[in-house]
Amino acid sequence: MGNPYDCPPDRGGFLADDACRFGVSEDWTGNLTNGLLQLGERARNIHGLDTPEIGLLTMMRCYDQADRAHILRLFEQAATEPSRFCYSTTIIVGNNHRQPVFCIGESSGLVDNGGNIVGLFIFPRFQLPTPVSVKPA
């Protein structure tokens, strides 16, 4: 895949023409029976992951540590009762920048087949510098 931020010619499942200049999006799914998430190629590239199926904790290791506990609680709630949720965080990028990410999700079917979860990632077209921490001498 080329640049994961390129707007694809076929916009199916992606932000519309006008919105694409602000960011890109990609659907994702999850199986609550085995706890695995299925990310598309674009989301995997931006998260810095190399396999389409990953565990939640693997994905969360990419995120700002300050947000991980809150995100985990959202997924735990979604796994125990049908619900909708959203979160925003940043992905720590290897070049000392942080990529903002917005996520919207919904869980369903918890009684019949163990349940599933579907969602959408939105990745704005900018990165934030990593804050410099100053430690007292």
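Predicted model: local features only at pLDDT ≥ 70, side-chain atom pairs only at ≥ 80, totals over all residues.

Trainee: Why is W28 called buried?

Mentor: A residue is buried under 20% relative accessible area, exposed over 50% and partly exposed in between, using a 1.4 Å probe and protein chains only. W28 has a relative accessible area of 2%, so W28 is buried, and of the 137 residues of the chain, 36% count as buried.

Trainee: How do you know whether R61 is buried or exposed?

Mentor: The relative accessible area of R61 is 57%, so R61 is exposed. This residue sits in the loop between α3 (56-60) and α4 (68-80), and its C-alpha atom is 9.0 Å from that of I92, which is 31 residues away along the chain.

Trainee: What makes R84 and E106 a salt bridge?

Mentor: The term needs a side-chain nitrogen of Lys or Arg within 4 Å of a carboxyl oxygen of Asp or Glu. The closest N and O atoms of R84 and E106 are 2.8 Å apart, and the two form a salt bridge. The pair links distant parts of the chain, with R84 in strand β4 (residues 84-93) and E106 in strand β5 (residues 97-108), 22 residues apart. R84 counts as exposed because its relative accessibility is 68%, while E106, at 32%, counts as partly exposed. A search of the whole structure finds 1 salt bridge.

Trainee: Why does R44 have no salt bridge?

Mentor: R44, in helix α2, is buried, and the nearest side chain of opposite charge, E41, is 5.1 Å away; here Lys and Arg count as positive and Asp and Glu as negative, with His and the chain ends not counted. Leaving out residues up to four places away in sequence, R44 touches L39, L49, D50, T51 and P52.

Trainee: Why is the pair of W28 and F75 called tilted?

Mentor: Rings of Phe, Tyr and Trp (its six-membered ring) pair if their centres lie within 6.5 Å, and planes under 30 degrees apart count as stacked, over 60 as edge-to-face and the rest as tilted. The structure holds 6 aromatic pairs, and in this one the ring centres are 6.0 Å apart with the planes at 40°, so the pair is tilted. W28 lies in strand β1 (residues 23-31) and F75 in helix α4, so the pair ties together parts that are 47 residues apart in sequence. F75 is buried as well, because its relative accessible area is 7%. Ring pairs link W28, Y63, F75, F85, Y87, F121 and F123 into a cluster.

Trainee: What makes a set of residues a nonpolar core, and which have the most contacts inside the largest one?

Mentor: A nonpolar core is a set of buried Ala, Val, Leu, Ile, Met, Phe, Trp, Tyr and Cys residues joined through side-chain atoms within 4.5 Å. The largest has 25 residues, and those with the most contacts inside it are L37, M59, Y63, F75, Y87 and F121. Helix α4 gives the most to this core, with 4 residues.

Trainee: Which residues is Y87 in contact with?

Mentor: Contact means heavy atoms within 4.5 Å. Setting aside neighbours within four places in sequence, Y87 is in contact with M59, Y63, I71, L74, F75, V101, F102, C103 and F121.

Trainee: Why does M60 count as buried?

Mentor: M60, which lies in helix α3, has 4% relative accessibility, so M60 counts as buried. Beyond residues up to four places away in sequence, M60 touches R68, I71 and L72.

Key
Residues numbered from 1 in each chain as written. Heavy atoms only, no water. Helix = DSSP H or I, 4+ residues; strand = E, 2+ residues; numbered from the N terminus.
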